[in-house]
Amino acid sequence: MLGENIKLSGHYPLSEYPWAGEIDRLLASAIGSDSAYRAFLFDAVVSLAYIDATAGLEKSIEHCNNVPSGYNSHLGFINLCSPCYAKGIWQYQKAAKPESGALGKLSSELILKFVEHLSPNFISVLAIGGSDYADAIIQHTSGLKILAEVKSAPLMTYPLLVNSKEASTVAHHQKVIMTSSQLRTCDTALYLHDSKLIPLGKAGSDNWPFKGFVDFVLDEAHSSDMQYHLKRWMMVRDTYKNKNRQDKFYYLTNACGSPPAEAKKNHGWPQKEVISDGKTSAGMDRTDDIKKGVYQTLKIGLRHRQNSDYRTAIISNLPAYRHGTDYVEPLVPMLWGFEEDLEELAGTQAIPRNKLRYVFDYIITLENPLLRGLDI
């Protein structure tokens, strides 16, 4: 197996999705932008993808009296109703999400699409997928081929708001009874938390919900709005890093776990329900994902140990902000080699540097990547 000429094939990220062009349009505008802005956009686009890919979306929408004017219903991707939370109410609403198989593919291809736009030195970025030993391959202008394991998850998701006439027939936080055809006639918006929103247009319009979002972002008249949303996202990121439960936005992040006792005591929060499972995480911060990512890069490195133009990487939207110190940083300077490569060097048994490899060469993330001099 070692040294064999391995052929890898793949496809361009999101090539199977009709709305991929909208993401290209969005990211073309973000070239050269702040890294935090790209990471914020990733969270927003993942939320739109969840809306698009959730089966039976109309069955998870609930009437809510606390959504901003012009809308009357809410659907979110954590178990907490954000518009109610903005009013100081811990309102449980079961999260909607795509099936797990679709979720993994979507998340993986979305971050690869972002990476495709990250650098002009990436000649091509291909998703390999399936059960192959790598998730993606990047061709670099230097001639390097970067084989990667992909792990990604949003820091924070943004809910969907709907304005439906059917909502008037049910009480606050009861399910709205509507068909998918009725939903297609409704005005919708992406809720950016903190009583802010971005209109998405009719649910049945072309390339919904992506086109409305991209049109809004690319309109220079909304640049100050986007700066506000970016600043808020950065504050939430720092809250996540520090596990600051005193900041109310902590409870809108993924992996925030259970609400405080107040929610169960005063707001009727279900005893065994969490807001977002603490086993999930943001970016590559889930410890099981870090362990698998490290194993996979070792496996890739083993398979290509005799190919000097191959490198290994872990790709994600965010680095391991909470677990990096314990699970990632100790491995960054580590080199490995084979016993058979030991030689007598200056009177001692050692392996020459050109026969040693890093555990992973790069960690390609939208914020704070590990590049070891790679030109992007």
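Guide: Let's start with a term: contact means heavy atoms within 4.5 Å. This is a predicted model, where local features need pLDDT of at least 70, side-chain atom pairs count only at pLDDT 80 or more, and totals for chains, interfaces and linings use all residues. Residues are numbered from 1 along each chain as its sequence is written, and side-chain values use heavy atoms, with hydrogens and water left out.

Visitor: Which residues does Gln296 touch, not counting those up to four places away in sequence?

Guide: Gln296 touches Tyr133 and Glu149 on that count. A polar contact is a pair of N or O atoms within 3.5 Å; within protein, one must be able to donate a hydrogen and the other to accept it, and residues adjacent in sequence count only if both atoms are side-chain atoms. Here, the side chain of Gln296 reaches the backbone oxygen of Tyr133 at 3.1 Å.

Visitor: Is Gln296 buried or exposed?

Guide: Buried means under 20% relative accessible area, exposed over 50%, and partly exposed in between (1.4 Å probe, protein chains only). Gln296 has a relative accessible area of 11%, so Gln296 is buried.

Visitor: Where is the place of Gln296?

Guide: Helices (H or I, at least four residues) and strands (E, at least two) are DSSP runs, numbered from the N terminus. Gln296 sits in helix α9. Buried residues of α9 include Ile290, Val294 and Ile300. Seen down the axis of α9, the buried residues fall within an arc of 165 degrees (taken from the directions from the helix axis to the C-beta atoms), so they line one face of the helix.

Visitor: What do the buried residues of α9 pack against?

Guide: Their partners include β5 (145–150), β9 (310–315) and α10 (324–327).
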